[in-house]
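Let's take a walk through a protein together. Have the sequence and the 3D view ready, and follow along as we look at how charged side chains pair up.

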Amino acid sequence: MFGSGASKMFNRKKEYEMLNQMLDDAIAGEFTEKYFDETEYSKLQTKLYRFLTDSSMSEKQLNAEKDNLKELITNISHQTRTPLTNISLYAQLLQEKLTEPATREYVDEIIIHSKKLEVLIESLVKMSRLETGIFQFEKKEESLAGLAESVCNMGKAKAKDKEITIELDTEEDGKVFVDRKWVLEAIYNILDNAIKYSESGKKICVSTFQYEMFSGIRIQDEASGMTEDEIPQIFGRFYRGPRVHDKEGIGVGLYLSREIIEGQGGYIKVSSELGKGSTFEICLTKC
């Protein structure tokens, strides 16, 4: 009895070792069928080999589809850029030649809407790249205060035109792990909205803050604000609030901001009060 039990234990241990080796080979991508008989171990090998082959083919198909989609998006971007540029160029040439006010007004409308179309196509391309995972963020260590200062500089001219003051407070500094180009675009979209929806003479405060796990940039405005029910909707594609339909924009800025920030491991927190303004906290991963 003892000899039979010891033999079973030995065989079971050998099977476990073989199974463990088989899984290690599969993880390393070096798995091949070695046994071709009617044993349970051989059957298991055959099933695992079939599973890995099917998975590999699915992954290759997925990568091929991603490459095709990437090429399609790039082609759309390139193919639409030239005609749009030409429309804007010829409209500007007409604008210079025409003297009749009514005709100039029509040309002005062509220029305005061609620019809107250009922004829309560019935004759709960015949305597609972010949603499909085609674009990969290149994250590195950045200064939180440096990011806040850069964002303020990006909005300085537009704020000045509207006689809006941007106050910068970078007392809380630190290092965050982000893709600088994309995170600046995300934060600027929020600042741009604050400028866009604020009346002349108002103030926007941009400051840095530190939480236990995140560091971030806070943008506080004195614009029209929004209701609590409206806050979850503002990050939707093409959403435009009921009080801002007369303002410029297509309603994708905040959607892109959220996709970019969450794609880098952060999040955006919003608080607002109707008639008193809004506060956006862009929380970024600490180094």
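How many salt bridges does a search of the whole structure find? The search finds 8 salt bridges. Keep in mind that this is a predicted model.

First, some background. The protein has 6 helices and 7 strands, and along the sequence they follow the pattern α-α-α-β-α-β-β-α-β-β-α-β-β. Of the 287 residues, 33% are buried.

Now to the charges. Side chains of opposite charge can pair when their charged atoms come close. Here are some of the pairs:

| Salt bridge | N to O distance |
|---|---|
| Arg-180 and Glu-142 | 3.5 Å |
| Glu-167 and Lys-203 | 4.0 Å |
| Glu-273 and Lys-276 | 3.6 Å |

Take the pair of Arg-180 and Glu-142. Arg-180 is partly exposed at 31% relative accessibility, whereas Glu-142 is buried at 10%.

Glu-167 sits in strand E2 and Lys-203 in strand E4, so their pairing ties together parts that are 36 residues apart in sequence. Glu-167 is partly exposed at 37%, and Lys-203 is partly exposed at 31%.

Elsewhere, salt bridges with shared partners join Glu-122, Lys-126 and Glu-185 into one network.

Finally, look for Asp-169, Glu-171, Glu-172 and Asp-173, which form a negative surface patch. Glu-172 lies in the loop between strands E2 and E3 and is partly exposed, with a relative accessible area of 38%.

Terms used:
Residues numbered from 1 in each chain as written. Predicted model: local features only at pLDDT ≥ 70, side-chain atom pairs only at ≥ 80, totals over all residues. Heavy atoms only, no water. Patch = residues over 30% accessible without salt bridge, like charges linked within 9 Å, V, L, I, M, F, W, Y side chains within 5 Å. Areas by Shrake-Rupley, 256 points an atom, 1.4 Å probe, with all protein chains shown as cover. Salt bridge = Lys/Arg side-chain N within 4 Å of Asp/Glu carboxyl O. Lys, Arg positive; Asp, Glu negative; His and termini not counted. Charge placed at Lys NZ, Arg CZ, Asp CG, Glu CD. Helix = DSSP H or I, 4+ residues; strand = E, 2+ residues; numbered from the N terminus. Buried < 20%, exposed > 50% of the residue type's maximum accessible area, 1.4 Å probe, protein only.
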